[in-house]
Amino acid sequence: MAKRNHRSVFLLLAMFMVFLTNSHAQRNGTFTEPSSALLFGRFGSSLFVVTSANTVELKDVTVDGAPAFFRVPSLARTVDRVAWGVQKADHAEIGVYTVRDHSWKSFADVCFGGGGAAVFSPDATKIAFVSAMPSSSVDGVCSTKSIFQSVLQIYDLATGKTKMLSCCGWVMDARPSWSPDGTEIVLQHLSQVAIVEADTGKARIIADGRYPSWSPQGDWIAYFDRHLTKCFIVRPDGTGARIVRDAGGVFGDRAMILGPVWSPDGRKLLLNEENDKQQIKVVMVAIQSGKQTTKSSSGLAVLDWVPAN
């Protein structure tokens, strides 16, 4: 009987700890997923790395004492680093935030407004990012048409060297997304979805759309339509495109933002949908069944989803 009572107390304690963790996450406008680490945030706010066991707030990168305005960041699969671009007073920096040390180290310094989203390669050894191409190599000043003169680059964390892949027309607020084997990158080119070879920079267009994201298994690429009301998936060869969610509804009062976020097993998507009051709803879509579940109604946007170590 004593063993049974001890077991009951242990189970109750475990359930209570899970309840506290989930309640804390919900208060921060976030949620948890089993065996996962989720990255949350929104422009002008802190970032949060959330697991079932812990929530870490990344708030030490500031501008004039306020949380930095960041481009769409990414979380390394090692869950120890976040890569993103930060806007400063007269320039932008692209770098890595180390979660354990709460420290920021930049590896690229570009003109104001010219720093784009950054994303780790699957093995977390490289970072792909987009930045504006200066109008002059002498003065380094950004062109007024920098959105059409942006360049895709890859930074090697081990060597500290940056390789310029291709120019121009890459959208800086749409995060690049690596293929699982690290040989290709999908990203937005104007209003089209393009795949770029990581070695040569050679690109091919596979669809019309915005904010593409490659599934961890490599079989699908998710993206939004030009009006940001529908989410599609398509094969990397450009075939089999189909809609997995239409958020437009009757009145079209919601827009999908920041890009689709894949689950680590490639079976689900998390979609951020913003209404005219700038409230964010996060919807989970099961790819096979089509089941759709609202994960949060008015919280932070989910920015990345990786396995928890």
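Let me begin with the ground rules. Because the model is predicted, local features need a pLDDT of at least 70 and side-chain atom pairs count only at pLDDT 80 or more, whereas totals for chains, interfaces and linings use all residues. Residues are numbered from 1 along each chain as its sequence is written, and side-chain values use heavy atoms, with hydrogens and water left out.

I turn to confidence. pLDDT is the predictor's confidence in each residue, from 0 to 100. The chain averages 83, and 80% of the residues score at least 70.

Two strands are taken to pair if DSSP finds at least two bridges between them. On that basis, four strands form an open sheet in the order β6-β7-β8-β9, with antiparallel pairing. Its edges are β6 (74-75) and β9 (103-111), each of which pairs on one side only.

Let us follow strand β7 (residues 81-87). Towards β6 there are two bridges, again antiparallel, and Ser 74 stands opposite Ala 83. Towards β8 (residues 91-98), the antiparallel pairing runs over seven bridges. There Ala 83 faces Val 96, and Val 86 faces Glu 93. A hairpin of three residues joins β7 to β8.

Is β7 buried or exposed? Seven of its seven residues are buried, where buried means under 20% relative accessible area, exposed over 50%, and partly exposed in between, with a 1.4 Å probe and protein chains only. Both faces are covered: Arg 81, Ala 83, Gly 85 and Gln 87 lie on one side, and Val 82, Trp 84 and Val 86 on the other.

Strand β7 leads us to the cores. A nonpolar core is a set of buried Ala, Val, Leu, Ile, Met, Phe, Trp, Tyr and Cys residues joined through side-chain atoms within 4.5 Å. The largest has 34 residues, and those touching the most other members are Phe 40, Leu 47, Val 49, Leu 58, Leu 75, Val 82 and Leu 270. Among the elements giving it two or more residues are β1 (36-41), β2 (47-50), β3 (55-58) and β7. The largest share, five residues, comes from β26. A second, separate core of 18 residues includes Tyr 211, Met 256, Leu 269 and Val 283. Returning to Val 82, its contacts beyond four places in sequence include Leu 39, Leu 47, Leu 58, Tyr 97 and Phe 120.

Now the rings. Rings of Phe, Tyr and Trp (its six-membered ring) pair if their centres lie within 6.5 Å; planes under 30 degrees apart count as stacked, over 60 as edge-to-face and the rest as tilted. The count comes to seven aromatic pairs. Tyr 223 and Phe 232 are stacked, because their ring centres are 5.4 Å apart and their planes stand at 10°. Tyr 223 is buried at 5% relative accessible area, and Phe 232 also counts as buried, at 19%. Elsewhere, ring pairs link Trp 84, Tyr 97 and Trp 104 into a cluster.

A charge sits over a ring if NZ of Lys or CZ of Arg is within 6 Å of the ring centre and within 35 degrees of the ring normal. Arg 235 meets this over Trp 220, at 3.8 Å from the centre, and Arg 242 lies over the face of Trp 220 at 5.7 Å.

Finally, the backbone. Most residues other than glycine have a negative phi, and most peptide bonds are trans. Which residues does a cis peptide bond join? They are Cys 167 and Cys 168, with omega about 25°; Cys 168 lies in the loop between β13 (162-167) and β14 (177-178). His 102, in the loop between β8 and β9, has a positive phi of about 55° and is partly exposed at 35%. Leu 228, between β19 and β20 (230-234), has a positive phi near 60° and is buried at 14%.

Methods: Contact = heavy atoms within 4.5 Å.
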